Amino acid sequence: MAQRPDRIIASMDTGVDDALALAYLLGSADECELSGVIASYGNVDANTAYANTCAVLDLFGRADIPVFLGSEHPSWADAFIPDAGCAQFHGKDGLGNTWLAGAGALADGAGVPGDDMSGDDMSGDDMSEDVPDGVVSVGGYLVGDAHAHPASGSCSRVGRSRPVDRPQSATSTALASWGKRRRSVDAADGIEYLIEQVREFGRDVTVLATGPLTDVDAAITRAPDIAPKLRLVMMGGTLTQPGNCWDAVAETNIIQDPEAANRVFHSGADITMVGLDVTHQCLLPRSAADQWRATGTKRGRFLADLADFSIKANLEADPALFSGGMPLHDPLAAAVALDSSLVDCFDLALRAETNTGDFNGVRGRTTGDPVGLVNHSMPHVHVALGADSGRFLDEFAERMAEVCR
């Protein structure tokens, strides 16, 4: 009797590398069953992440996979605004501006109806737009913080708890109208779906988180009984390398919601952290994008457009570090969810710093929890520090070439 493929639930803030990870999972159908995707805030607002996810699944012929709405803002804030840094690395639509340019693989050469933002400045420094009430996170920073730089046009488009079937951003509206209409069940609560799946399948289902850990934290908070049954592979954090945020200490997914990350680290779940320590070892070269485009298919052109956008953005940001290509952050985490032997891990009690200041550290930093040195019963996290990058890159290129067809 054939072994049943592993079940995967993905929590994604669907940007460029999330979309690549999604395509990789779809190309790994013999090894895993992607049972659902929870779309959350992070690289983009949650409604745009939802629309992006639906559109990518539609493109690859998997409209049958349900998409749920997850967290729309971090646990410490009332609302969320995407920041200019994410727009720089993912595009204002989250998909490398493939929707906005009018010549992207998904646009059929006609552009995206109703979206005229393709020529906008992406500096995102203007805070004069309407900002939601309450405590507002701008990419993990409070409004008014020197590091809070909203993506251009994002303030007036992003609010609180807006229904997923009526996306509020211009990009989300265009994407939703392009993609096939989803069943009404897709607008159900993604947090409840995660809880139900873990309760039913335990560690036979893997939760793959490629965005902030707010969804996972919300599920554990709502249903603490799932923590011992939960297997989580997360992309985020860094232990031995600099971060990729303003302070060069914190990593983007963690800075969005350090409180949530810290609670998840201490929850007792089986957690593997795939952070910058290993993702920066796995660089996708431009030659791979050329091969995908050479297939001549819509899927191949789309994946190539994503890779080209990210390769260019990363090279401009750090020519020394990314001369070999784009770091495959989320795809590596997806691969580890299927094959943990791709990485070598160091187990330790882990914490995310939630404050900045003397004797507190730097908010968003992931570091060993010193209490774990004297209390050996504390939960430990498997922190990936080494990667079989050659094997992963070969497997990734092979499966992506197949999914392009």
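The model is predicted, so local features need pLDDT of at least 70 and side-chain atom pairs count only at pLDDT 80 or more, while totals for chains, interfaces and linings use all residues. Residues are numbered from 1 along each chain as its sequence is written, and side-chain values use heavy atoms, with hydrogens and water left out.

- Helices (H or I, at least four residues) and strands (E, at least two) are DSSP runs, numbered from the N terminus.
- Buried means under 20% relative accessible area, exposed means over 50%, and partly exposed lies in between (1.4 Å probe, protein chains only).

**Salt bridges**
- Side chains of opposite charge can pair when their charged atoms come close.
- The model has 16 salt bridges, each being a side-chain nitrogen of Lys or Arg within 4 Å of a carboxyl oxygen of Asp or Glu.
- How far apart in sequence are the parts that Arg399 and Glu31 tie together? The two side chains meet in a salt bridge at 2.3 Å, N to O; Arg399 lies in helix H13 (residues 389–404) and Glu31 in the loop between H1 and E2, so the pair links parts that are 368 residues apart in sequence.
- Arg399 is buried at 15% relative accessibility, whereas Glu31 is partly exposed at 34%.
- Asp217 and Arg263 form a salt bridge of 2.9 Å, N to O. Because Asp217 belongs to helix H6 (residues 214–222) and Arg263 to helix H8 (residues 258–265), this pair ties together parts that are 46 residues apart in sequence.
- Asp217 is buried, with a relative accessible area of 6%, and Arg263 is partly exposed, with 40%.
- In the salt bridge between Asp388 and Arg391, the closest N and O atoms are 3.0 Å apart. Both partners are partly exposed, Asp388 at 34% and Arg391 at 27%.

**Surface patches**
- Patches take residues with over 30% relative accessible area and no salt bridge; like charges are joined within 9 Å, and nonpolar side chains (Val, Leu, Ile, Met, Phe, Trp, Tyr) within 5 Å.
- For charge, Lys and Arg count as positive and Asp and Glu as negative, with His and the chain ends not counted; the charge is placed at NZ of Lys, CZ of Arg, CG of Asp or CD of Glu.
- Asp30, Asp394, Glu398 and Glu402 make up a negative surface patch. Asp30 sits in the loop between helix H1 (16–26) and strand E2 (32–39) and is exposed, at 78% relative accessible area.
- A nonpolar surface patch consists of Val371, Leu373 and Val374, with about 330 Å² of accessible area together (Shrake-Rupley method, 1.4 Å probe; for residues, only the protein chains shown count as cover).
- Val374 is found in the loop between strand E14 (366–368) and strand E15 (381–387), and is exposed at 71%.

**Two buried residues**
- Asp18, in helix H1, is buried at 0% relative accessibility. Which residues does Asp18 contact, leaving aside neighbours within four places in sequence? They are Met12, Asp13, Asn43, Thr210 and Asp330, where contact means heavy atoms within 4.5 Å.
- Ile9, in strand E1 (residues 6–12), is also buried, at 0%. The C-alpha atoms of Ile9 and Val207 are separated by 4.8 Å, although these residues are 198 residues apart along the chain.
- Beyond neighbours within four places in sequence, the contacts of Ile9 include Ser35, Gly36, Tyr193, Val205 and Val207.
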